[in-house]
Amino acid sequence: MDEVDPGDFRTRVRQSFGRQAFMGTLGAELTRVEHAMVEIEMPFDAKLTQQHGFLHAGVISAALDAACGYAAYTVIDPDASILTIEFKVNLLSPGRGERFLFRGEITKPGSTIIVADGRAYALTNGPAKLIASMSGSMMVIRGREDVTG
């Protein structure tokens, strides 16, 4: 494995995201990684819908959780990791679009608990439409061999 600059949070986030098989299953990709903010995008896929043809709430929740978790990952020490301990999702509009954007942003950084907010948008030819919001808490994990990167 390549040596990674411990201060290079973008590389750490991209490598960790690459190991997340579920995001690959959804067709999700990292499109933006900044300090305290991450964006994930994915195309519409009929296999990820519920009975009315809208993007399933579980898919929306999972992608928002990943965006918020990786936003938290950008603000921690290189030797630490993140696990979600709680989140609440508000579904604001049906998940109908050609693509979807999931943005996670840090609301309150911390040494043990980090609070993040997420927004999900449906993208079509017109303006982006807000379809869901999330508030979540992430725990900073240190010194556990089974929870790394």
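This is a predicted model: local features need pLDDT of at least 70, side-chain atom pairs count only at pLDDT 80 or more; totals for chains, interfaces and linings use all residues.

How many helices and strands does the secondary structure of the chain come to?

Modeller: Residues are numbered from 1 along each chain as its sequence is written, and side-chain values use heavy atoms, without hydrogens or water.

The chain has three helices and six strands (DSSP runs numbered from the N terminus: H or I of at least four residues for helices, E of at least two for strands). Their order along the sequence is α-α-β-β-α-β-β-β-β. The radius of gyration is 15 Å, in agreement with the value near 15 Å for a compact globule of 149 residues (taken over C-alpha atoms; the rule is 2.2 Å times the number of residues to the power 0.38). Along the principal axes, the C-alpha atoms fill a box of roughly 45 × 30 × 25 Å.

I85 belongs to strand β3, which covers residues 81–91. With a relative accessibility of 47%, I85 counts as partly exposed (between the buried class, under 20% relative accessible area, and the exposed class, over 50%, with a 1.4 Å probe and protein chains only). Apart from neighbours within four places in sequence, I85 is in contact with I113, S137, M138 and M139, where contact means heavy atoms within 4.5 Å. For S137, 52 residues away along the chain, the C-alpha separation from I85 is 5.8 Å. In the chain as a whole, 63% of the contacts with a separation of 6 or more join residues 24 or more positions apart.

G97 is buried, at 15% relative accessible area. Beyond four places in sequence, G97 is in contact with F44, A122, L123 and T124. Between G97 and A63 there are 15 Å, C-alpha to C-alpha, for a sequence separation of 34 residues.

Helix α3, residues 57–73, is mostly covered, with 14 of its 17 residues buried. Its span from first to last C-alpha is 24 Å, close to the expected 24 Å (1.5 Å times one less than the number of residues). Over the chain, buried residues amount to 42% of the 149.
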